[in-house]
Amino acid sequence: MTLQATFKPIGEIVTPYKTLADCPRNIDPNGPPCELVLRDELRDGLLGLAAGQRILILYWLEHAERSAIRQNSRRTGELAGVFALRTPNRPNPIGVAVLSIEQIIDGVITVRGLDCLDGTPLLDIKPAMSGE
């Protein structure tokens, strides 16, 4: 099977993390402010979103290792497949977060506690469903 997909980022994520060593190991809703900066031509797509609303964020972890299919869990140390882990090191390193919007100003959404490098490509934003 030969399938291909092409992604065009909708913007980028601004975080305080400049190196992988600086990045936290997971999302922290009480962490530092981070900004989702949309491309200018997509800013009208934010209509209907508001402060306090929870959103699902998809982003591309471009510096992740993509060849490891089994890894040791950081939590338990046990060997597991990547699809059983939250590791960024996976065949398609797509990061996912559900966070509350703090504010939206001029096409920039502020959230707290993302776990990615400054400049990470932002793939999509969706309203979070209950239970996420």
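Biologist: How many helices and strands does the secondary structure of the protein come to?

Modeller: There are 0 helices and 9 strands, where helices (H or I, at least four residues) and strands (E, at least two) are DSSP runs numbered from the N terminus. This is a predicted model, in which local features need pLDDT of at least 70 and side-chain atom pairs count only at pLDDT 80 or more, while totals for chains, interfaces and linings use all residues. Residues are numbered from 1 along each chain as its sequence is written, and side-chain values use heavy atoms, with hydrogens and water left out.

Biologist: What about contacts between residues 24 or more positions apart?

Modeller: They make up 76% of the contacts with a separation of 6 or more; contact means heavy atoms within 4.5 Å.

Biologist: OK, the sheet. What is the strand order?

Modeller: An open sheet of 7 strands runs β6-β3-β9-β1-β2-β8-β7, with antiparallel pairing. Two strands pair if DSSP finds at least two bridges between them. The edge strands, each pairing on one side only, are β6 (94–100) and β7 (103–105). From one strand to the next the twist averages 30°, with axes as lines fitted to C-alpha atoms and angles running from 0 to 180 degrees between N-to-C directions.

Biologist: Which strands does β1 pair with?

Modeller: β1 (residues 11–14) pairs with β9 (residues 120–127) over 3 bridges, antiparallel. Another 4 bridges, also antiparallel, join β1 to β2 (residues 33–38). E12 has a bridge partner in each: V37 in β2 and P121 in β9. I13 stands opposite T120 in β9.

Biologist: How many bridges join β3 to β6?

Modeller: There are 7 bridges between β3 (residues 54–60) and β6, which run antiparallel. One of the pairs is W60 with I94 in β6.

Biologist: Switching to charges. How many salt bridges are there?

Modeller: The count comes to 5 salt bridges, a salt bridge being a side-chain nitrogen of Lys or Arg within 4 Å of a carboxyl oxygen of Asp or Glu. Among them is E41 with R39, whose closest N and O atoms are 2.7 Å apart. E41 is exposed at 55% relative accessibility, and R39 is partly exposed at 24%. D40 and R43 form another, at 3.4 Å.

Biologist: Where do E102 and R112 sit?

Modeller: Their side chains meet in a salt bridge of 2.7 Å, N to O. E102 is in the loop between β6 and β7 and R112 in strand β8, 10 residues apart, and the pair links distant parts of the chain. E102 is partly exposed at 40% relative accessibility, as is R112 at 29%.

Biologist: R90, is that buried or exposed?

Modeller: R90 is buried yet has no salt bridge; D115, the nearest side chain of opposite charge, is 10 Å away. For charge, Lys and Arg count as positive and Asp and Glu as negative, while His and the chain ends are not counted. R90 is in the loop between β5 (79–81) and β6. Leaving aside neighbours within four places in sequence, R90 is in contact with E65, R66, V82, F83 and L85.

Biologist: Last one: what is the phi of D106?

Modeller: D106 has a positive phi of about 50° although it is not a glycine. D106 is in the loop between β7 and β8 (108–112) and is exposed, with a relative accessible area of 64%.

Note on methods
Buried < 20%, exposed > 50% of the residue type's maximum accessible area, 1.4 Å probe, protein only.
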